[in-house]
Amino acid sequence: MPIKINKTITWVGKTDWELRRFHGNEYSTHRGSTYNSYLVREDKIALIDTVWAPFAEEYVAGLEKTIDLKRIDYIIANHGETDHSGALPELLRRIPDIPVYCTASCVKSLKGHYHRDWNFRTVKTGDRLNLGAKELIFIEAPMLHWPDSMMCYLTGDNILFSNDAFGQHYASSGMFNDTVDQDELFAECMKYYANILTPFSPLVIKKINEVLSLKLPLDMICTSHGVIWRQNPTQIVERYLAWADAYQENQVTIIYDTMWNGTRVMAESIADGMREAGGDTVVKLFNASNTDKNDIVTEVFRSKAIGVGSPTINQGILSSIASLLEEIRGLKFKNKKAFAFGCYGWSGESVKMIQEGLESAGFAVIGDGIKSLWNPDDEAIKACVEFGRKVAENI
Ligand code: FEO
């Protein structure tokens, strides 16, 4: 159902309340998501982004009830990923000659996805599209988060259509940042940044400063996922600048997997030692085999240090921990410390392997970690508590 944003803009996207996994199975969406699409009606009419392919028919049918499709003058494809471009084939089947404005890189990704040669008009940063009294100004945003990513700015209304940036996977009836639960909103914003944008943090800072230097007035940020920022829209920009700057809170996250509870006992004993050391550091423990991967990544993002533990199995580590190490390697976290631990029965390679994984993920590894032979006995538990105390002093 279309939602009037202001006199010019109508939201014509899709709220996906059911979505629980995104990017295939890569990203958990506990609170659903939205695919935001905007109709900009001035003398000329522009449609900014569409929705994910499963909703293409529903989307085009809804759009037709809002406007005669033949009256649309321009389509703006800010990004080629299929959650935003998925309805283009259905839409362009109806209006095949309409120009599609996008970056040169987006032509490649759209052709790569759909193998169609639509009426592409490539644009670069600073190019303008006249809609009558107002203009759209295009701003390329390569690698935020795809090479093809772009934003556009509507003069007169002072709206930035930021595409994925500043978004969150959050279905709500509120639609605006000031009409939703603030704790839920910012939890989803942080999870989105941590899991998707962390590796691009240097580019985030550069792009935000570039856009701020244009000194464009900003009344609203219309993202492609989640709420529209209309109340103090720069608050999310400020959060991004903080998150992009090697963000951390006073938190240590201990992540482990365990076969017969030995490594769990080690994790809890290390946490006991950290608590005994005093201070106000928050310590959280998660079993990687039964905790959502993206939620763990968000906790890592918030942490100044992490502990990672696995028993040794087949001269290696448990697959949940191997998967986590691979995940955090790709996210390129900065300025975080780490330690390794794990129990073993005979060969005992796990701690060394975890340390290597943490080092290759860019973490500063503290000491040699700690191992325990078989299930930790009283002496081994004492050693883990002492290890925890030393870790607390070290961070
Ligand atoms: Fe929401 Fe990169 O697509």
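This is a predicted model: local features need pLDDT of at least 70, side-chain atom pairs count only at pLDDT 80 or more; totals for chains, interfaces and linings use all residues.

1. Helices and strands here are DSSP runs, numbered from the N terminus, and a strand needs at least two residues. Strand S5 covers residues 27-28, and tyrosine 27 belongs to that strand. Tyrosine 27 counts as buried because its relative accessibility is 2%, and buried means under 20%.

2. The largest cavity contains about 60 Å³ of space. Its lining consists of Phe22, His23, Glu81, Asp83, His145, Asp164, His169, Tyr192, Ile196, Leu197 and His225. By class, the lining has four nonpolar, four polar and three charged residues. Helix H5 (residues 182-197) gives the most to this lining, namely three residues.

3. On open space: the largest pocket holds about 330 Å³. Its lining is made up of 19 residues, and Met259, Pro311, Thr312, Tyr344 and Gly345 are those nearest the pocket centre. At least two lining residues come from each of helix H8 (262-276) and strand S21 (337-344). Eight residues of the pocket lining are nonpolar and eleven are polar, with no charged residue. The lining of the largest cavity, by contrast, includes three charged residues.

4. A search of the whole structure returns 20 aromatic pairs. One of them joins tyrosine 193 and tryptophan 243, whose ring centres are 5.8 Å apart; the planes meet at 55°, so the pair is classed as tilted. This pair links distant parts of the chain, since tyrosine 193 is in helix H5 and tryptophan 243 is in helix H7 (residues 234-244), 50 residues apart. Tyrosine 193 is buried because its relative accessible area is 0%. Tryptophan 243 also counts as buried, because its relative accessibility is 4%.

5. Which other ring does tyrosine 193 form a tilted aromatic pair with? The partner is phenylalanine 301, at 5.8 Å centre to centre and with 40° between the planes. Tyrosine 193 is in helix H5 and phenylalanine 301 is in helix H9, so this pair ties together parts of the chain 108 residues apart in sequence. Tyrosine 193 and phenylalanine 301 are both buried. Ring pairs join Phe166, Tyr193, Tyr240, Trp243, Tyr247 and Phe301 into a cluster.

6. Is helix H9 (residues 293-302) mostly covered or mostly uncovered? The helix is mostly covered, with seven of its ten residues buried. Those buried residues are Asn294, Ile296, Val297, Thr298, Glu299, Val300 and Phe301. At the start of H9, the backbone nitrogen of asparagine 294 has a side-chain oxygen of aspartate 292 within 2.9 Å.

Terms used: Residues are numbered from 1 along each chain as its sequence is written. Side-chain values use heavy atoms; hydrogens and water are left out. On a 1 Å grid over the protein atoms alone, a cavity is a set of points where a 1.4 Å probe fits but cannot get out, and a pocket is an open set with protein on both sides within 12 Å along at least five of seven lines; lining residues have an atom within 4 Å of a point. Grid points are joined across faces, edges and corners, and a volume is the space filled by probe spheres set on the points. Helices (H or I, at least four residues) and strands (E, at least two) are DSSP runs, numbered from the N terminus. Ala, Val, Leu, Ile, Met, Phe, Trp, Tyr, Cys and Pro count as nonpolar, Asp, Glu, Lys and Arg as charged, and the others, Gly among them, as polar. Buried means under 20% relative accessible area, exposed over 50%, partly exposed in between (1.4 Å probe, protein chains only). A polar contact is a pair of N or O atoms within 3.5 Å; within protein, one must be able to donate a hydrogen and the other to accept it, and residues adjacent in sequence count only if both atoms are side-chain atoms. Rings of Phe, Tyr and Trp (its six-membered ring) pair if their centres lie within 6.5 Å; planes under 30 degrees apart count as stacked, over 60 as edge-to-face and the rest as tilted.
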